[in-house]
Amino acid sequence: MTLTFADNMTDIQECNVLFKAFIRKLKLKYIKDLKYLAVIEFQKRGAVHYHVLLNIPYIPQKELQELWGNGFVFINAIEHVDNIGAYILKYITKDNNDERLMGQKAYLTSRNL
């Protein structure tokens, strides 16, 4: 899943608060034992967005977008990916040298992952 902001949100701390609120809503509504890995990335306009891997069944995009409430949600099934580790690693390492991430965590995970 990719979560983007409609507004040009660039403050990572502020975005993380909104992301964590979304995760709480997912847990309450769909799956209590939610596991996730989210990687922070920046759009060309500078806005934060998240690439998220979750252990949830299919949920319609419209429902996810309503829960997110901050912009747009894109969902992709990744059953076609042969090496899931390499797929995720690509996102984790993509912006490693981005100055905006210096001193920040480039990814977020659930405690139970």
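Which helix and which strand each supply at least two residues of the lining of the second largest pocket? The legends below take up this point and then turn to strand β3. This is a predicted model, in which local features need pLDDT of at least 70 and side-chain atom pairs count only at pLDDT 80 or more, while totals for chains, interfaces and linings use all residues. Residues are numbered from 1 along each chain as its sequence is written, and side-chain values use heavy atoms, with hydrogens and water left out.

**View 1. Lining of the second largest pocket.** α1 (12-29) and β5 (107-109) each supply at least two residues of this lining, and α1 gives the most, with 4 residues. Helices (H or I, at least four residues) and strands (E, at least two) are DSSP runs, numbered from the N terminus. Among the lining residues are Lys-20, Arg-24, Tyr-36 and Asn-112, and the lining as a whole divides into 4 nonpolar, 3 polar and 5 charged residues.

**View 2. Strand β3 and its partners.** Strand β3 (residues 48-54) is mostly covered, with 6 of its 7 residues buried, that is, under 20% relative accessible area with a 1.4 Å probe and protein chains only. Strand β1 (residues 2-5) pairs with β3 in the antiparallel sense over 3 bridges, where pairing requires that DSSP finds at least two bridges between the strands; Thr-4 has His-49 in β3 as its bridge partner.

**View 3. Hairpin of β2 and β3.** Strand β2 (residues 36-42) and β3 pair in the antiparallel sense over 7 bridges, and Phe-42 stands opposite Val-48 in β3. The hairpin has 5 residues between the strands, and Gly-46 takes a positive phi near 100 degrees.

Notes: 1 Å grid on protein atoms, 1.4 Å probe; cavity = no way out; pocket = protein on both sides within 12 Å on 5 of 7 lines; lining within 4 Å. Nonpolar A, V, L, I, M, F, W, Y, C, P; charged D, E, K, R; others polar. Buried < 20%, exposed > 50% of the residue type's maximum accessible area, 1.4 Å probe, protein only.
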